[in-house]
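Dear colleague,

Here is the structure you will be working with.

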Amino acid sequence: MAEGDPADSLRRFAAIWSRAIYPVTATSMTRGEFEDHLVPLARVLSDALHGHPFDPRPAVGVGAALIAAHCTDPEALPSILGVVDAYLVLYCPPGPGLAIDESRARCARLQHAISVGFSRALRERTLREQESISRAALNAQTEAEGALAASEARFRAVFEGAAIGIGIADLDGRVLEINDALSRMFGSASHVMRRNVSEWVHPDNAPGTRTLNAELVRGDRESYHVEKAYPRADGSLLWANLRVSLMRDSEGRPQYQLALLEDITERRGLVQRLRHQATHDALTGLPNRTLFFEALDEALASDSGTSRIGVCYLDLDGFKAVNDSLGHAVGDQLLVAVAERLQSCVTSNDQLVARIGGDEFVALYTDPPSTSDVTALADRILDALSAPVLLDGRELPVHGSIGIVHSAVGSRGAADVLRSADITMYRAKDMGGNRYEIADPDADARAITRHGLTNQLPSALEHGEFFIEYQPLVGLDDGAVHGAEALIRWSHPVHGVLGPDQFIPLAENTGHIVPLGRWVLEEAAQQAREWQRQHRGGRPPRVNVNLSPVQLHHPELVAEVARVLDETGLYPGSLCLEVTESALIGADEDALKPLRRIADLGVEIALDDFGTGYSNLSSLRWLPVSVLKLDRSFTRGMRRHPADPVDLKIVGGIVSLAHALGLTVTVEGVETRTQAEHLRNLGCDTGQGWYYARPGPPERLHTLSLADAS
């Protein structure tokens, strides 16, 4: 997207716009002057694009302003819209809270509004010119009546040769004369001449047209302008752009009605087709995101203090697998079948189903009587999807997860409603899918917080908001500190200090865990090297660093570990990488190759949280691990005397097996002296927990509390 000063971006957009439009204008301005003229119009479009609430109507004025600048060539409008479509969002990018898809939907609506303003202004300009010609001709006829045959000839030339239909009627509505163009519009002259003006009515016409004509005949107005439908002689429908003017006699009294009609039937049909294409999904034929938001905005703008809206946000479960395994053509067929089933769930005019992207659909229920009516709609949708879809002789199961929002209108915007429904849909998906959940403000807030933390992770690493605390690993037989586990923390400027459980899963889901894990490894290795320099005699403390499953599959892992050892000068045996049991048990040889290469460097590998999964003890023989870390769940029964005999036997058996395989055993969650004594008696090598020390800064590594945790 374009970056920098907004005024500069608008100027650059106006320059591109000018290059596209100027060659097809009839303006007397220079190109530079024309570009300056476009800058405020570009600003109007930018302000409308980012407006809250969104209102495309200012863009109508932009289209009219371009006509006023003499952009009247037939080739001008495609050039105008082409630049807006390609460059408006690029040079006026969405700000916070406005998604790029929403910006593009708004841009499409702005183009539609520009087209309306352009067409309307061009039409009015043409009619003004032609009306001026006709009025001049009629005035000439009146002044020269019975005297100048030349004037009569000139009037006839204008009247008969005009490209638009012209008709003259008296004040009672009797049609006195029409030109050939008007006759061709209606299919025959007699079809027009035998009807009174008051008889031309049609149900599609706007209310109030009769009133406008009555005011003109009384002399209360000089003209009026409407779009009006007329039945042709063959029964088809004519849509005309009608301008009626009052003709007065020499004393100023109303005398005739002069009607100018432009056939806009084809143009109106084109606009309607373009409108349909712009507001409906090309694949399924359902209303698209643009039309859905229009309907939602209209429902939310209701003046009634008791009105409510219901939204069911549907995402198909497992649709990506269909595309990946069977191809996008089959996926498209499935979407069409789903759309047909969803449309069958609509039972009244106050319900609308739209496809808003990919495999996402949404149902809008305007002013539902109760929440149960909205959930009934969701139940119908789930029932409609319960049967498999038959495609090319193949049955494809289809299910979906639905997020429901039922709330009062006026209290929130359309984007907020859809975001809440989207969040709730993912909550339903996380609970197994093929179900619906109803929006909960607290759950929304938590999801929004998680989303915010996810987006802030990269900048937090750049700004140095992370820090590491170290929890000692203590020898159970000698009580000495053998090392420490590096535990990352986030000093968030708003939420305070966050533990790893609050942001590590987010980092793993987005891939940010790779740079974050690399930083932890570098920092911990540097700290371990510093402990080496400070340590005299015996083996220096080692540092344990947690390795995410995502990092384990990163192709540069081995190289990064080797680089850190080389740059810090750390003895490889002073580094231990902890990998969870779930990441290793059942892994194939290719997945274990990186760990074997790291172990070959002399780095220790610890199997973390052992016992929390489906532990396969026989796999310990060939895993490249040297340390077994028992989960704290094994030691809860040892907090007091007498200890749980079952826990004692389990832990004792694991320790014996580990030692037989040449592995050392570390136990997590040691919180009492009694636990430490039991574990020492069972032969465990090291312990870690609040009994020894809570995680803290590196300088407190050797400060042990040796107090039961409270």
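**Cavities and cores**

The lining of the largest cavity is made up of 16 nonpolar residues, three polar and one charged. Please keep in mind that this is a predicted model.

That cavity holds about 260 Å³ of space. Of its 20 lining residues, Val197, Trp200, Tyr230, Ala259 and Leu261 are the closest to the centre. Two or more lining residues come from each of β1 (165-170), β2 (175-178), α7 (180-186), β3 (223-231), β4 (237-248) and β5 (254-263). β5 gives the most, with four residues.

In total there are five cavities of 30 Å³ or more. At least two lining residues each are supplied by α18, β16 (542-547) and α20 (557-568), with α18 providing the largest share, four residues.

Now the cores. The largest nonpolar core has 73 residues, and those touching the most other members are Phe466, Val561, Leu575, Leu577 and Leu584. Helix α18 (residues 513-534) contributes the most to this core, with 10 residues. Another core, of 38 residues, lies apart from it and includes Ala42, Ala59, Ile80 and Cys92.

As for Leu575, its contacts beyond four places in sequence are Leu521, Val543, Val545, Val561, Leu565, Leu570, Val603 and Glu604.

Regards

Conventions: Residues are numbered from 1 along each chain as its sequence is written. This is a predicted model: local features need pLDDT of at least 70, side-chain atom pairs count only at pLDDT 80 or more; totals for chains, interfaces and linings use all residues. Side-chain values use heavy atoms; hydrogens and water are left out. A nonpolar core is a set of buried Ala, Val, Leu, Ile, Met, Phe, Trp, Tyr and Cys residues joined through side-chain atoms within 4.5 Å. Buried means under 20% relative accessible area, exposed over 50%, partly exposed in between (1.4 Å probe, protein chains only). Contact means heavy atoms within 4.5 Å. On a 1 Å grid over the protein atoms alone, a cavity is a set of points where a 1.4 Å probe fits but cannot get out, and a pocket is an open set with protein on both sides within 12 Å along at least five of seven lines; lining residues have an atom within 4 Å of a point. Grid points are joined across faces, edges and corners, and a volume is the space filled by probe spheres set on the points. Ala, Val, Leu, Ile, Met, Phe, Trp, Tyr, Cys and Pro count as nonpolar, Asp, Glu, Lys and Arg as charged, and the others, Gly among them, as polar.
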